[in-house]
Amino acid sequence: MLQLSGDPGGHGQDPVSRYGSYLQPPLGAGHLSVEYDPRPSAAREARAEIRKQLEEWGLAGRGDLTDPADELLDVAELLVSELVTNAVLHAASPFRLTVWAAHGVLRCEVTDTGRRTPQVRCAGVAESGRGMFLVDALARRWGCHQEGSGKTVWFELGTCGSDGCGRRQP
């Protein structure tokens, strides 16, 4: 049974829709799935993998700060790093990063054995706990669903490059 959870604003819900949880990526999508051990270097390795994959898919910019693809790459690296760090700290078991791009959407998922769902905390002055605050602020949508003995935390970013693409709709 799939249980859904997310942030109180409702954009973290994972409804059964065309952008809901897929067992496989849609036909014609770019797809990546990598398993990691829960070690401190996993976040760095996942950032490098995301960068490499987005470059291969033609979704990385040319180093021009006004290029929306550069922003996509930077945000994707940051948010993947946050989800991976949460998996390392809280699940302490091997986890999987799955990424696909199709239909103007980049979806990144981290599946681990932890049962605790992520919470958005106020950024405040704490030295940690800001990860989901950043995901909530920067992702188009995000959510968490529990399956079997673990959970998958995901976020989506727009890849179309047009003004407002990828931004959360009010």
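In which strand is Glu 156 found? Glu 156 lies in strand β6, which covers residues 150–158. Strands are DSSP runs of E with at least two residues, helices are runs of H or I with at least four, and both are numbered from the N terminus.

This model is predicted: local features need pLDDT of at least 70, side-chain atom pairs count only at pLDDT 80 or more, and totals for chains, interfaces and linings use all residues. Residues are numbered from 1 along each chain as its sequence is written, and side-chain values use heavy atoms, with hydrogens and water left out.

**Overall layout**

The protein has 3 helices and 6 strands. Along the sequence they run β-β-α-α-β-β-α-β-β. The chain has 170 residues, and 46% of them count as buried. Buried means under 20% relative accessible area, exposed means over 50%, and partly exposed lies in between (1.4 Å probe, protein chains only).

The protein exposes about 9100 Å². Carbon and sulfur atoms supply 53% of that area. Accessible areas come from the Shrake-Rupley method with a 1.4 Å probe, and for residues only the protein chains shown count as cover.

Contact means heavy atoms within 4.5 Å. Take the contacts between residues at least 6 apart in sequence: 66% of them join residues at least 24 apart.

**The nonpolar core**

A nonpolar core is a set of buried Ala, Val, Leu, Ile, Met, Phe, Trp, Tyr and Cys residues joined through side-chain atoms within 4.5 Å. The largest one here has 35 residues. Val 84, Leu 106 and Phe 155 have the most contacts inside it. At least two residues of this core come from each of β2, α1, α2, β3, β4, α3, β5 and β6. Helix α2 gives the largest share, 10 residues.

Ala 76 sits in helix α2. Ala 76 is buried, because its relative accessibility is 0%. Leaving out residues up to four places away in sequence, Ala 76 touches Ile 50, Leu 54, Leu 106, Phe 155 and Leu 157. Ala 76 and Leu 106 are 30 residues apart in sequence, yet their C-alpha atoms are 8.5 Å apart in space.

Leu 106 has its own list of contacts beyond four places in sequence, including Trp 57, Leu 72, Val 99 and Glu 156.

**Buried residues to look up**

| Residue | Relative accessible area |
|---|---|
| Cys 108 | 1% |
| Cys 144 | 1% |
| Glu 156 | 1% |

Why does Glu 156 count as buried? Its relative accessible area is 1%. The side chains of Glu 156 and Arg 107 are joined by a polar contact of 2.9 Å. A polar contact is a pair of N or O atoms within 3.5 Å; within protein, one must be able to donate a hydrogen and the other to accept it, and residues adjacent in sequence count only if both atoms are side-chain atoms.

How many disulfides does the structure hold? The count is 0. A disulfide is a pair of cysteine sulfur atoms within 2.5 Å.

**One aromatic pair**

A search of the whole structure finds 1 aromatic pair. The rings of Tyr 36 and Phe 95 have centres 5.7 Å apart and planes at 20 degrees, so the pair is stacked. Rings of Phe, Tyr and Trp (its six-membered ring) pair if their centres lie within 6.5 Å; planes under 30 degrees apart count as stacked, over 60 as edge-to-face, and the rest as tilted.

The pair links distant parts of the chain. Tyr 36 is in strand β2 and Phe 95 is in strand β3, 59 residues apart. Tyr 36 is buried at 6% relative accessibility, and Phe 95 is buried at 1%.
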